[in-house]
There are 2 protein chains.
Amino acid sequence: MNNHHRQQLEARARVLKAMAHPTRLFIIEELEKEERSVNDLTAMVGADVSTVSKHLAQLKQAGLVRDDKRGNQVFYRLAVPCILNFFGCVEAVLTEQLQQQSAAATLRVRP
Amino acid sequence: MNNHHRQQLEARARVLKAMAHPTRLFIIEELEKEERSVNDLTAMVGADVSTVSKHLAQLKQAGLVRDDKRGNQVFYRLAVPCILNFFGCVEAVLTEQLQQQSAAATLRVRP
DNA sequence: TGGCTATTTGGCTAAGCTGCCAAATAGATT
DNA sequence: AATCTATTTGGCAGCTTAGCCAAATAGCCA
């Protein structure tokens, strides 16, 4: 594993880490639909404004969202449109897990 | 955000979190090529065996890899083949970041 | 200006993660 | 059985994260 490769892996890990939180995934989902102000998102998430603001800062730092200040408010939108596709594989993983679990349950019931 | 939705987001976040570490990404990359024993991976990663073993346990817990004990050794392989595609979007994010950075650098040089 | 709303930042605590060493476990070999 | 190799587990120190409250900042409106 050379230096360049390591840096590449670290960069990828940073992006994944920024996405790896339920609230931030929710925000990403919402921003897929349309841009939103911090206030909007705060109401939808149901946490303290400061918490949501910090989540948004993390997403921005990772390059996943952009912000746009208009008047009083700051609107956030996705920086990268392809995040939707991103979940095809995650879903596959989750489906696999369900199948595994139900298979295991069946084995326990009928050993 | 109803209960089912929240659980779905948490499940997705767990998978992403399992991937969000440079060493674990490296392991995933290696396992894309072929199955590997813990010893193999430890040599490639260059950390303590116990550390690598714990990374593997995390990947397994998330449903990303499967293990297979043969004789003395435990071989790990990917549970889900589609992880390769998973990175198209991450790469797009990273490319965006580079473009942003070089654009900003240009602005600083020629304001 | 003063007050109002929207957002960010600082500070704190509780909880979680990472990596190492040491010890335990499991299989193979002599 | 004794020993060797491969792997996992327990435990700890150091570091990071999440969430809240309080305070600071920024723009709007009377």
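Trainee: At 29% relative accessibility, what does Asp68(A) count as?

Mentor: Asp68(A) counts as partly exposed, the class between buried (under 20% relative accessible area) and exposed (over 50%; 1.4 Å probe, protein chains only). This is a predicted model, in which local features need pLDDT of at least 70 and side-chain atom pairs pLDDT 80 or more, while totals for chains, interfaces and linings use all residues. Residues are numbered from 1 along each chain, chains are lettered from A and ligands numbered from 1 as written, and side-chain values use heavy atoms, without hydrogens and water.

Trainee: Which residue forms a salt bridge with Asp68(A)?

Mentor: Side chains of opposite charge can pair when their charged atoms come close. A salt bridge is a Lys or Arg side-chain nitrogen within 4 Å of an Asp or Glu carboxyl oxygen. Asp68(A) pairs with Arg70(A), the closest N and O atoms being 2.6 Å apart; Arg70(A) is partly exposed at 37%.

Trainee: Which residues are linked with Arg36(A) in a network of salt bridges?

Mentor: Glu30(A), Lys33(A) and Glu34(A). Arg36(A) meets Glu34(A) at 3.5 Å, N to O. Arg36(A) is buried at 18%, whereas Glu34(A) is partly exposed at 44%. In chain B, Glu34(B) and Arg36(B) form a salt bridge, also with 3.5 Å between the closest N and O atoms. The structure holds 16 salt bridges over all chains.

Trainee: How many residues surround DNA strand D?

Mentor: There are 24, and His55(A) is among the closest; near means a heavy atom within 4 Å. The side chain of Lys54(A) has an N or O atom 3.0 Å from a base nitrogen of DNA strand D.

Methods. A polar contact is a pair of N or O atoms within 3.5 Å; within protein, one must be able to donate a hydrogen and the other to accept it, and residues adjacent in sequence count only if both atoms are side-chain atoms.
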